[in-house]
Amino acid sequence: MENKGTKILETTRLVLRPFCYEDTEDMFKNWASDPEVTKFLTWPAHTDVEVTRYVLDSWIKMYTDLSFYNWGIELKDTNEVIGNISAVKIDERTQTADMGYCIGRKWWGQEIMPEALKAVITYFFDEVGFNRVAASHDSDNPKSGRVMEKAGMKFEGVLRASGINMRGICNVVWYSILKEEYYKKYFNVTAGSIPDSHEIVKEAKESFEKVLLNQKYSGIIKNDKHLKLLLNMLPIKKGDMVLDVGTGAGYLAFPIAQENKGCNVTGLDIAETVIKQNQLKAENQNINNLKFCSFDGINYPFGKESMDIIVTRYAFHHFPDIKRAVKHLSEILCKGGSILVSDPVRNIKDKDRIIDQFMKIKGDGHVRFYTQEEIVDLFSGQGVYLSGHEITNMKFPFPEKKEYMDLFNKLDKEEKALYNIYEEDGVVWIGNIEVANLLLKK
């Protein structure tokens, strides 16, 4: 693990950030002076704002220590600090962080603390490298335990008469989540077997070099009504730089360039052969504001804030390192620019990721389908927020293959109904899967 300090983290509703002296009044007013908030904590309610100022001063001075993690919880809607969340103890030998948190009474019951705790857990596992994140609560304060459960933690046990807080000696209830469990829950892989990005790209490249120019494949993904919807959603203006990620055969790039002569469009893909044919086609048709280039599927060959519009259709589920990809795309996007993501989404009732099991058999570099909420959260963590969305539907077949039929036959009636999965003449069909068309703005 590598301690990285109290970095700014963002969620849909919150900014988690280091405290500053200007937070003194908010902290005193919103939670530190309330005996109901501190009842189960280890420190008494502040009776004077100077006590709050003293505490904040000690915290702020600690931020130079990268092993110090203490965030103020700021509401985006009001820019008001309403609570805090911190690692009250870390053990680098076991790579464990023990969490503590509190929030103003006014904001209890609004799912704010689980949202904050999830963000910190993600940061600790993905960036710092902790192996275990734990938290505990007084047994007489079960609502705190529900926060832990909602953040994905598991109940471990009760240590009787092992803690002390403002109420005296208490039983302490412990929860935790391991990195292994985190990756299994959110990525359906074990921490030690996270797919290698280069292997995923290689598999996808080999597949798409074969199918992207195949007329049968093109017919499956082609949808004029859907294309029109996406073109209408794009807020393109004259002079914009537009990037089409996972352009394939240029299904979006060509019409965007042709309908917006005053902008410059770049189609980006890993399939080099297809990219060369796209470029030749653009030159033959004298589409001078359109160019194509290939890349390695991991490192985006563009500078920060170099694109006004980014669009990706049916490619998001192939991104090998999704957090890195979203981070890079968000950095490439100019402030005020928009990203349009169009991708099939997993049914939230599909707990066993049935749809991903079918896609894995396909062997085309599929990583996973996300829910709409997951996609929005990924981008909001980078300061890119949902500004519009439309839901469409699609169906697609899996070719005759024993593995598809074996999986189909294992599904029960309810599982098949999730995506209207059926078999026809030896071909398994996903009869209905929702496609989220999400416009996000930086």
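# Exercises on a predicted model

Tyr-182 lies in helix H6 (residues 179-187); helices (H or I, at least four residues) and strands (E, at least two) are DSSP runs, numbered from the N terminus. The model is predicted, so local features need pLDDT of at least 70 and side-chain atom pairs count only at pLDDT 80 or more, while totals for chains, interfaces and linings use all residues. Residues are numbered from 1 along each chain as its sequence is written, and side-chain values use heavy atoms, with hydrogens and water left out.

**Exercise 1.** Determine whether Tyr-182 is buried or exposed, and find which side chain makes a polar contact with its own.

Solution. 
- Step 1. Apply the cut-offs: buried means under 20% relative accessible area, exposed over 50%, and partly exposed in between (1.4 Å probe, protein chains only).
- Step 2. The relative accessible area of Tyr-182 is 3%, so Tyr-182 is buried.
- Step 3. A polar contact is a pair of N or O atoms within 3.5 Å; within protein, one must be able to donate a hydrogen and the other to accept it, and residues adjacent in sequence count only if both atoms are side-chain atoms. The side chain of Asp-126 makes such a contact with that of Tyr-182, at 3.2 Å.
- Step 4. Ile-121 is 61 residues from Tyr-182 along the chain, and their C-alpha atoms are separated by 8.8 Å.

**Exercise 2.** Locate Ala-161 and Tyr-314, and state their accessibility.

Solution. 
- Step 1. Ala-161 belongs to strand E7 (residues 154-165). Its phi is positive, near 50 degrees, in a residue other than glycine.
- Step 2. Ala-161 has a relative accessible area of 52% and is therefore exposed.
- Step 3. Tyr-314 sits in the loop between strand E12 (307-313) and helix H12 (322-332). Although not a glycine, Tyr-314 has a positive phi of about 60 degrees.
- Step 4. Tyr-314 has a relative accessible area of 16% and therefore counts as buried.

**Exercise 3.** State how many disulfides a search of the whole structure finds, and check Cys-20 and Cys-263.

Solution. 
- Step 1. A disulfide is a pair of cysteine sulfur atoms within 2.5 Å. The search finds 0 disulfides.
- Step 2. Cys-20 is in no disulfide, and the nearest cysteine sulfur, that of Cys-102, is 17 Å away. Cys-20 is partly exposed, at 27% relative accessible area.
- Step 3. Cys-263 is likewise in no disulfide; the nearest cysteine sulfur belongs to Cys-334, 14 Å away. Cys-263 is buried, at 2% relative accessibility.

**Exercise 4.** Work out which residues of helix H13 (residues 354-362) are buried and what they pack against.

Solution. 
- Step 1. The buried residues are Ile-354, Ile-355, Asp-356, Phe-358 and Met-359.
- Step 2. These residues pack against strand E14 (385-398), helix H15 (402-410), helix H16 (413-418), strand E15 (421-424) and strand E16 (427-441).
- Step 3. Just after H13, Gly-363 has a positive phi of about 70 degrees.

Terms used. Contact = heavy atoms within 4.5 Å.
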